[in-house]
Amino acid sequence: MKRLSEYLVSSEPFYKPVGSEVVYYEALFADRTPVILKGPTGSGKTRFMEYMAHRLKVPLLSVSCHEDMTASDLLGRFLLDKDGTIWRDGPLTLAVRGGAICYLDEIVEARQDTSVVIHSLTDHRRMLFLEKKNEAVTAHENFHLVVSYNPGYQNSFKDLKESTKQRFAAINFHYPEALVEAEIVSRESNIDLRMATKLVQIAGQSRNLRGHGLEEGCSTRMLIHVARLLARGIPIRDACDIGMVSPLTDDDDIRKSLNASFEACI
């Protein structure tokens, strides 16, 4: 099992602030106020957490939540080994004991009975109850709980309970302004800024179709995928189809509409 020190982010990730999110997070971390990061897919939430963990020199345990995730996946479980039954801490328990940031990505994808286990960590108690061990773990002074989700995908069946939401402060993420986004794409893919600016213009065309055939427009992450294909010598039309159009939709009419919009920018 990994030691907590192995979860330190050893080298500084590239992150370009698009507002005051760094200042906000540092203030919230100082008081260990639980935080929700809210924003569209691929807008930099996970990279932001990696950047802040490095900046604050605190280990980061990231968990990608999914509908089959159980409370035991977060808390831990008893396992059998050659010496008998042993307890193995889950990522949340490890972070609570050792003093790390625990980042639960797309928290609403987890079952609601799983998300309830964090409640005792988000108020004055700052304790984690391990029912299977009959143990209450007091959170280390450096422990910080951060969750994220994409409000654009949520509905009445997949959303955080109000009783959970009100335990957190929220930092909102959006796609960066065009010049900043072009700088990010250029830096992450090693293509020139002129071409990165053109890709951002193309992405804007897809974002205009959100709610009109597309659930989401092209994310900054997708733009970086396209840019890296360009850096490998793939023609721009093919790169856009592989990195943007095909992942966004299987509908032939929408694909044609996207390609026509992109042609105007190319």
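**View 1. Arg-47, Glu-50, Glu-188 and Arg-228 are tied together in a network of salt bridges.** A salt bridge here is a side-chain nitrogen of Lys or Arg within 4 Å of a carboxyl oxygen of Asp or Glu. This is a predicted model, where local features need pLDDT of at least 70, side-chain atom pairs count only at pLDDT 80 or more, and totals for chains, interfaces and linings use all residues. Residues are numbered from 1 along each chain as its sequence is written, and side-chain values use heavy atoms, with hydrogens and water left out. Within the network, the side chains of Arg-228 and Glu-188 meet at 3.9 Å, N to O. That pair links distant parts of the chain: Arg-228 sits in helix H9 (residues 220-231) and Glu-188 in helix H7, 40 residues apart. Helices (H or I, at least four residues) and strands (E, at least two) are DSSP runs, numbered from the N terminus. Arg-228 counts as partly exposed because its relative accessibility is 41%, while Glu-188, at 15%, counts as buried. The cut-offs: buried is under 20% relative accessible area, exposed is over 50%, and partly exposed is in between (1.4 Å probe, protein chains only).

**View 2. Ser-189 lies in helix H7 (residues 178-189).** What does Ser-189 touch, not counting residues up to four places away in sequence? The list is Ile-224, Ala-227, Arg-228 and Ala-231, with contact meaning heavy atoms within 4.5 Å. Take Ala-227: Ser-189 is 38 residues from Ala-227 in sequence, yet their C-alpha atoms are 5.8 Å apart in space.

**View 3. Arg-167 forms a salt bridge with Asp-123.** Their closest N and O atoms are 3.4 Å apart. Here too, distant parts of the chain are linked, 44 residues apart: Arg-167 is in the loop between helix H6 (162-165) and strand E9 (169-172), and Asp-123 is in the loop between helix H5 (112-115) and strand E6 (127-130). Arg-167 is partly exposed at 25% relative accessibility, and Asp-123 is partly exposed at 22%.

**View 4. Asp-73 and Arg-77 pair up through their side chains.** This salt bridge spans 3.0 Å, N to O. Asp-73 is partly exposed at 28%, as is Arg-77 at 33%. A search of the whole structure turns up 15 salt bridges.

**View 5. Asp-250 lies in the loop between helix H10 (236-248) and helix H11 (252-265).** Asp-250 is exposed, with a relative accessible area of 72%.
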